[in-house]
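Visitor: I am new to this structure, and I would like to know what stands behind the words used for it. Could you show it to me?

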Amino acid sequence: MTDFPQIFGGHWPGVLAATVAIMGFITVNALMLIWLERKVSARIQRRYGPTEVGPFGLLQTLMDVVKLIGKELVTPDHVHRPLYLIAPVLVFAPLLALLSLIPIDEGWIFHDYDIALVLLLAFSSLNIIGIFAAGWGSNNKYALLGAVRAVAQNISYEIPLLLAVIPIVIMTRSLSLHEIASAQAAYPFILVQPLAAIIYFIAGTAETNRAPFDIPEAESELVAGFHTEYSGMRFGVFFLAEFTHMVIICSVATILFLGGWHGPLLPGWLWFFLKVYGLILVMMWFRWTFPRLRFDQLMSFAWMILVPLALVNLLVTTVVLKL
Amino acid sequence: MAETMELVPDATDPKTYYLNMGPQHPSTHGVLRIRLHLEGERILGADPIIGYGHRAHEKMAENRDYLQFLPNSSRVDYLSGMIYNLAYCQAIEHAIELDVPERAEVIRIICGELNRISSHLLWLGTFVLDLGGFTPFLYGFDDREKILDILDSITGSRLTYCYGRFGGVTMDVDDEFLRRTSDFCDYFKRRLGEFDELVTDNVIYQQRTKDVGVISSDLIQDYALSGPVLRAAGVAHDVRKTEPYGGYDRFDFDVPVGQRGGDCFDRHTVRMEEMRQSLRIIDQALACLPDGPIMAAKVPKRIRPPAGDHYFAVESARGHFGMFITSDGTDIPVRHKLRTPSFVNVSTMPVVLPGTMLADTVAILGSIDIVVPEIDR
């Protein structure tokens with residue numbers, strides 16, 4: 001197994017290629033997901049969604065991105081410039097690193113770290129710093145309220161998320177995502193850990209700040225929450241980050257609970273993406289069906305329901321494994 | 001200037017701050033501004049600041065004759081324009097003691113109730129939108145579109161109708177209209193069940209609305225609230241029942257009341273039930289639509305109500321809508337006061353909002369169903 005410095009020093013063309021590949025994947029994936037989101041919401045709401053640009057409106061988001069890039073980057077006078085400017089980067093950069101940890105198929109991984117799961121959870125909580133920087137740096141009351149909510153929500157939901165992951169680690173005795181996925185050749189862990197899977201998915205949805213947990217950007221209360229003052233491609237980066245975060249949460253769910261690339265007939269990578277996008281569709285379904293929770297209800301849901309349930313689940317898992 | 005002084009933020013307390021909600025805000029349903037005094041997310045004080053949509057309707061009424069004001073009437077509340085338009089006609093007919101043919105009365109009731117359903121549908125959609133649910137909004141607009149199409153076919157307009165005339169209505173309804181209306185009634189009865197499944201039974205929706213923004217019957221008496229807000233508090237008051245006008249006494253319908261003491265969920269259930277009752281009224285009206293003229297035989301060329309005060313009230317989609325007309329016997333009113341329910345309902349906000357969360361503000365504001373131009377007139 002190669003170690004960290006070796007990768008960056010020794011095989012830098014490979015690193016560069018992988019980074020470019022990941023960036024390309026993120027961009028294309030976000031474009032397609034935004035298109036999919038618009039189509040799914042349209043179907044749920046008995047509309048057509050985008051139809052004009054390209055077949056089935058597939059190129060609509062591409063055109064939107066062109067528009068966003070073409071827009072002037074407005075920096076309001078009253079913002080704290082360094083924080084305001086660095087916030088979109090802080091939100092987006094950790095997610096970029098995360099994608100390199102995801103095994104797509106048997107052996108299809110940028111680098112198989114022993115502690116991939118820890119890295120992943122650590123990095124995925126980093127982007128909250130960017131969100132808070134955006135809210136604080138914007139010097140806008142709505143943005144600040146959104147940022148405060150986002151911090152409280154992300155910290156609260158990190159705990160059930162972690163507690164839901166631990167039983168899997170105990171079962172497989174590994175923190176490597178590749179090994180965890182390999183261990184599910186016979187059956188996916190959702191069959192033995194259904195509660196953990198549900199808790200993980202709920203907490204994961206909350207981590208991505210998507211409806212019904214979208215209170216940090218609650219449009220009807222906080223206008224646009226932490227990204228109220230952002231426009232043009234800076235706003236686009238926040239958007240890109242949200243959709244990338246969705247992919248990561250769903251990828252991890254697929255690896256931990258749905259058996260990763262394991263599946264009959266079809267090739268492994270196809271199974272992996274089918275599962276990931278299936279979960280993403282469920283997240284979209286949530287968003288277009290449920291109203292938004294209130295801030296205090298959201299917090300009490302995490303602390304009063306999810307955390308105790310996850311703890312009980314952890315306890316039962318350890319006891320059963322010990323027996 | 002004393003009032004302006006009160007509006008200066010209290011800068012001495014570092015823990016609290018002021019938040020301007022509106023006049024440009026997604027959830028104030030127009031150009032309403034609410035100045036919120038907040039501690040974290042908790043509301044300490046709320047002042048609705050109105051007047052951004054003021055169009056001087058009352059003043060306009062004072063410098064033109066009665067007929068010339070007719071098109072203004074539906075612009076007062078653009079969401080239930082038909083009810084307001086017909087109410088103005090009925091107020092003048094009441095003042096000059098003009099009888100309306102029975103067919104015109106029944107047509108007015110059908111159109112008024114259709115308009116009430118469309119107004120409630122828009123309320124339902126925007127209310128759930130305020131709570132973060134996007135889909136019911138489009139479902140509501142979809143069904144509302146059907147009503148607009150039906151009304152469009154006889155009035156020629158879709159939002160600000162000018163269908164009533166002193167003594168009747170402008171156009172007679174045809175079989176096509178009756179068929180489409182009864183089709184819509186059958187369809188919408190099923191649809192209401194779907195709305196119940198999608199919205200009323202949703203756990204998150206119930207959490208967001210139950211025991212939130214209780215407007216009790218005591219408060220209602222102090223502020224003279226009306227409409228669904230009043231009925232949600234458990235008072236079975238409906239102008240259509242208590243002071244029947246325009247032939248409503250011929251129809252059989254119930255006045256729904258809230259069971260939970262007047263919270264947001266009560267206001268929701270009351271409006272949902274009102275839509276069902278409106279369907280009942282339309283069904284009966286379609287069955288008993290008499291033949292005959294749609295305009296009174298003798299309508300005076302110049303409308304000159306006898307000198308003195310005239311008051312006429314109807315139940316609009318938002319509550320008790322009253323018109324107080326002071327006439328000096330000429331064809332131009334001396335004073336035309338519009339008593340609009342949204343104005344009264346929004347005036348309780350300084351009492352109801354404190355103590356709730358920021359997210360409840362949009363829920364409560366949405367649940368009382370305000371139309372901002374109707375507040376400002």
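Guide: Let us begin with a helix pair: α8(A) and α10(A) are roughly antiparallel to each other, because their axes cross at roughly 170° and angles over 145 degrees count as roughly antiparallel (under 35 is roughly parallel, 65 to 115 roughly perpendicular, the rest oblique). The axes are lines fitted to C-alpha atoms, for helices over the stretch in contact, with angles from 0 to 180 degrees between N-to-C directions. This is a predicted model, where local features need pLDDT of at least 70 and side-chain atom pairs count only at 80 or more, while totals for chains, interfaces and linings use all residues. Residues are numbered from 1 along each chain as its sequence is written, with chains lettered from A and ligands numbered from 1 in the order in which they are written.

Visitor: Which residues make the contact of α8(A) with α10(A)?

Guide: Ala197(A), Tyr200(A), Phe201(A), Gly204(A) and Glu207(A) come from α8(A), and Ile249(A), Ala253(A), Leu256(A) and Phe257(A) from α10(A). Two residues are in contact if their C-beta atoms, placed from the backbone, lie within 7 Å. They divide into seven nonpolar, one polar and one charged; Ala, Val, Leu, Ile, Met, Phe, Trp, Tyr, Cys and Pro count as nonpolar, Asp, Glu, Lys and Arg as charged, and the others, Gly among them, as polar.

Visitor: Why are α4(A) and α5(A) called roughly antiparallel?

Guide: Helix α4 (residues 81-99) and helix α5 (residues 116-137) of chain A pack at about 165°, with axes 8 Å apart, and they are therefore roughly antiparallel. Their contact divides into 18 nonpolar, four polar and no charged residues. Helices here are DSSP runs (H or I, at least four residues), as are strands (E, at least two), numbered from the N terminus.

Visitor: What makes Gly130(A) buried or exposed?

Guide: Gly130(A), in helix α5 of chain A, has 25 other C-beta atoms within 10 Å, so it is buried. The cut-offs are 20 or more for buried, 12 or fewer for exposed, and partly exposed in between, with C-beta atoms placed from the backbone. Gly130(A) touches Ala87(A), Leu90(A) and Val91(A), not counting residues up to four places away in sequence.

Visitor: How do you know whether Arg46(A) counts as buried or exposed?

Guide: Arg46(A) has 10 C-beta neighbours inside 10 Å, so it counts as exposed. Its place is the loop between α2 (12-44) and α3 (60-70) of chain A.

Visitor: What is the phi of Arg46(A)?

Guide: Phi of Arg46(A) is positive, about 55°, although the residue is not a glycine. Most residues other than glycine have a negative phi. Arg377(B) also has a positive phi, near 60°. With 23 C-beta neighbours inside 10 Å, Arg377(B) counts as buried.

Visitor: How do you know whether the radius of gyration of chain B agrees with that of a compact globule?

Guide: The rule, taken over C-alpha atoms, is 2.2 Å times the number of residues to the power 0.38. For 377 residues a compact globule would be near 21 Å, and chain B has 21 Å, so the two agree. Chain B holds 16 helices and eight strands, and buried residues make up 49% of its 377 residues.

Visitor: How many residues of chain B are in contact with chain A?

Guide: In chain B, 25 residues are in contact with 23 residues of chain A. Helix α8(B) gives the most to that side of chain B, with four residues.
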